[in-house]
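Here is a short report on how the side chains of one protein chain pack together. Look at the sequence and the model first, then read on.

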Amino acid sequence: MKYSHIFFDWHGVLSHTGYWSHIPEYPLIKSKLFASHHPLLREWALGKRKVNDFIDEMAKSTGISASYLMETLKVSCESLEFASDKIPDFINGLKAQGIACVISTDNFDV
């Protein structure tokens with residue numbers, strides 16, 4: 001079967017790094033907000049909440065300062081990595097065959 005388009009999910013497929021995964025408070029953040037698709041996270045992912053709204057709620061929930069959460073989110077976004085250094089070459093190979101490659105992910109406003 002020949003494919004004309006392939007959609008790749010960023011989170012968990014192309015990359016295993018996530019927001020705040022580089023800070024010591026990540027286990028707390030993960031337990032409070034990432035477990036069971038927490039409603040705040042889901043609303044943010046769907047574009048129903050803006051990042052400042054989400055950060056304010058997360059600060060209340062975790063006791064971590066909003067300014068620290070915002071700054072470390074920025075660092076997280078700037079340092080997201082591919083799950084494998086072979087991914088760019090693999091995707092370029094698909095594109096060379098005329099296959100459109102699309103990264104699909106949630107609608108976070110970062």
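## Aromatic pairs

A search of the whole structure, which is a predicted model, turns up 6 aromatic pairs. Take Tyr 19 and Trp 44. Their ring centres are 5.7 Å apart and their planes meet at 40 degrees, so this pair is tilted. It joins distant parts of the chain, 25 residues apart. Tyr 19 lies in the loop between β1 (5-9) and α1 (26-34), while Trp 44 lies in helix α2 (residues 39-45). Tyr 19 and Trp 44 are both buried.

Trp 44 also pairs with Phe 54. Here the rings are stacked, with 4.3 Å from centre to centre and 20 degrees between the planes. This pair, too, links distant parts of the chain: Trp 44 in helix α2 and Phe 54 in helix α3 (residues 51-62) are 10 residues apart. Trp 44 has 0% relative accessibility, so it counts as buried. Phe 54 is likewise buried, because its relative accessibility is 0%. Which residues make up the aromatic cluster? Tyr 19, Trp 20, Trp 44 and Phe 54 form one cluster.

In soluble globular proteins, nonpolar side chains tend to be buried together. In this model, the largest nonpolar core has 16 residues. Within that core, Trp 20, Trp 44, Phe 54, Met 58 and Leu 69 touch the most other members. Four helices, α1, α2, α3 and α4 (66-78), each supply at least two residues. Which helix gives the most? Helix α3 does, with 5 residues.

A second core is separate and has 7 residues. Its members include Trp 10, Ile 91, Leu 94 and Ile 99.

## Phe 8 in strand β1

Phe 8 sits in strand β1. Is Phe 8 buried or exposed? Its relative accessibility is 12%, so Phe 8 counts as buried. Setting aside residues up to four places away in sequence, Phe 8 touches Leu 14, Phe 90, Ile 91, Leu 94, Cys 101, Val 102, Ile 103 and Ser 104.

Now compare a position elsewhere in the chain. Val 75 is 67 residues from Phe 8 along the chain, and their C-alpha atoms are separated by 23 Å.

## The two sides of helix α5

Helix α5 (residues 87-96) has buried residues at Ile 87, Ile 91 and Leu 94. These three lie on the same side of α5, because they cover an arc of only 55 degrees around the axis. What do the buried residues of α5 pack against? They pack against β1 and β2 (100-104).

The face of α5 turned away from the buried side carries the exposed residues Asp 89 and Ala 96. Gly 98 follows α5, and its phi is positive, near 90 degrees.

## Polar residues in the loops

Arg 49 is in the loop between α2 and α3. With 19% relative accessibility, Arg 49 counts as buried, because the cut-off is under 20%. Its side chain makes a polar contact of 2.6 Å with the side chain of Glu 43. Beyond residues up to four places away in sequence, Arg 49 touches Leu 40, Glu 43, Trp 44 and Glu 57. Trp 44 is also part of the aromatic cluster.

Ser 15 is in another loop, the one between β1 and α1. Ser 15 is at 0% relative accessibility and therefore counts as buried. Which side chain makes a polar contact with the side chain of Ser 15? That of Thr 17 does, at 2.9 Å. Leaving out neighbours within four places in sequence, Ser 15 is in contact with Trp 10, Glu 81, Phe 82 and Ala 83. Trp 10 is also listed in the second core.

## Cysteines

A disulfide is a covalent bond between the sulfur atoms of two cysteines. How many disulfides does the structure hold? The count is 0.

Cys 77 has 27% relative accessibility, so it counts as partly exposed. Cys 101 is also partly exposed, because its relative accessibility is 24%. Cys 101 is among the residues that Phe 8 touches.

How values were computed:
Residues are numbered from 1 along each chain as its sequence is written. This is a predicted model: local features need pLDDT of at least 70, side-chain atom pairs count only at pLDDT 80 or more; totals for chains, interfaces and linings use all residues. Side-chain values use heavy atoms; hydrogens and water are left out. Rings of Phe, Tyr and Trp (its six-membered ring) pair if their centres lie within 6.5 Å; planes under 30 degrees apart count as stacked, over 60 as edge-to-face and the rest as tilted. Buried means under 20% relative accessible area, exposed over 50%, partly exposed in between (1.4 Å probe, protein chains only). A disulfide is a pair of cysteine sulfur atoms within 2.5 Å. A nonpolar core is a set of buried Ala, Val, Leu, Ile, Met, Phe, Trp, Tyr and Cys residues joined through side-chain atoms within 4.5 Å. Contact means heavy atoms within 4.5 Å. The arc is that of the directions from the helix axis to the C-beta atoms. A polar contact is a pair of N or O atoms within 3.5 Å; within protein, one must be able to donate a hydrogen and the other to accept it, and residues adjacent in sequence count only if both atoms are side-chain atoms.
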